[in-house]
Amino acid sequence: MKLCVVGAGGRMGQYVLELAGAAPDIDIVAAVDHPESPLVGTQVAAGVTVDSDVEAAVAAADVYVDFSVPAATAAAAHAGAKHKVAGVVGTTGLDAPAESALAELARHAPMLLAANFSLGVNLLMVLAEKAAAALPGYDLEVVELHHNKKRDAPSGTAIALAKALAAGRGLDYDHARRYSREGNVGERPADEIGVVAVRGGDVIGEHTAYLVGGTERIELSHRAANRSLFADGALRAARWLHDKQPGRYTMRDVLGL
Ligand code: NAD
């Protein structure tokens, strides 16, 4: 499987390069980062140096893995659509142009977008959905913690977790979601799902779904211990995805959840 890494110089990109470099079934053929990245021009695999031409890099591969920024996600997805290259996308905080580029990619090649590639988090989503359905009347809240370099809030995983709770409860997510509270907000409406983002230090990622009843409380938590967890999941997704039909896939498909 010929792999291109988008966002090669980033925290996640480095892990993807490390794990893919050690995998006998994966051939790293291209790596791309922002033109001003100090990594551009450095060698990351045999015969491969980091480039800043997203289209040429994606076109060289069977599948690309993208942990970058929304602008690069859009550029890589356009290239993937044009050259029919499968895309595994982990970038979060996507804007409308990136979302529409990914929709275009899914019409021409297999595409998998995941806010979180860990098996445990994807299982947590399933459990949260079931718990919200099984416990009507319990207040639903999500709290997430991440490192102080994270750009987007709440995290993509927290949003996905809150959406899973909404699905289990049969709520319209956009109506139910409440991103933090401030001032004289009044009593908590029953059909609200609060989402709170905490930032600090080097926390890799922690998510808890709270289901709070009158006499008891359930907390469903996941804590990531190492970023290689996400890179490993992304490569598992890439192996699964690269020979699929064009379309949009999820980690639940990959993991059979
Ligand atoms: P990072 O800031 O360390 O890395 C981002 C990289 O993208 C940088 O090297 C940056 O130079 C590069 N970049 C910027 N503009 C670019 C361009 N035009 N073309 C190519 N590359 C460009 O961030 P990170 O911690 O590696 O996270 C990256 C993204 O992945 C974030 O959105 C983060 O939330 C997300 N993430 C997702 C998961 C998951 O499981 N889905 C896990 C961790 C992080």
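With which residue does Lys 244 form a salt bridge? The partner is Asp 243, the closest N and O atoms being 3.8 Å apart; a salt bridge is a side-chain nitrogen of Lys or Arg within 4 Å of a carboxyl oxygen of Asp or Glu. Lys 244 is partly exposed at 29% relative accessibility, whereas Asp 243 is exposed, with a relative accessible area of 57%. Here buried means under 20% relative accessible area, exposed over 50%, and partly exposed in between (1.4 Å probe, protein chains only).

The model is predicted: local features need pLDDT of at least 70, side-chain atom pairs count only at pLDDT 80 or more, and totals for chains, interfaces and linings use all residues. Residues are numbered from 1 along each chain as its sequence is written, and side-chain values use heavy atoms, with hydrogens and water left out.

The protein is divided into domain 1 (2–117 + 227–255) and domain 2 (119–223), with bounds that come from an automatic or database domain assignment. Their C-alpha centres lie 28 Å apart. The contact (heavy atoms within 4.5 Å) takes 13 residues from domain 1 and 16 residues from domain 2. Together the two domains bury about 1,200 Å², of which 52% is on carbon and sulfur atoms; buried area is the accessible area (1.4 Å probe) that two parts lose on being put together, summed over both. On the side of domain 1, Asn 116, Arg 227 and Arg 252 lose the most area to domain 2, together 43% of what that side buries. Two salt bridges are counted between the domains. A salt bridge also joins the side chains of Arg 252 and Glu 129 (3.5 Å, N to O). The elements giving two or more residues to the side of domain 1 that touches domain 2 are α8 and α9, and α9 provides the largest share, three residues. Helices (H or I, at least four residues) and strands (E, at least two) are DSSP runs, numbered from the N terminus.

The largest nonpolar core contains 36 residues, of which Leu 3, Val 16, Val 65, Val 88, Leu 112, Phe 117 and Met 251 touch the most other members. Such a core is a set of buried Ala, Val, Leu, Ile, Met, Phe, Trp, Tyr and Cys residues joined through side-chain atoms within 4.5 Å. Among the elements that give two or more residues to this core are β1 (2–6), α1 (11–21) and α8 (228–241); α8 gives the most, with seven residues. Neighbours within four places in sequence aside, Met 251 is in contact with residues including Leu 112, Phe 117 and Ala 237. Another core, of 24 residues, lies apart from it, with Val 58 and Ala 98 among its members.

Across the whole structure, 16 salt bridges are found. In one of them, Lys 82 and Glu 55 have their closest N and O atoms 2.9 Å apart. Lys 82 lies in helix α3 and Glu 55 in helix α2 (residues 54–59), so the pair ties together parts that are 27 residues apart in sequence. Arg 248 and Glu 99 meet in another (4.0 Å, N to O), linking strand β13 (residues 247–249) to helix α4 (residues 96–108), 149 residues apart.

The peptide bond from Ala 153 to Pro 154 is cis, with omega near -10°, and Pro 154 is found in the loop between β8 (139–146) and α6 (156–169).
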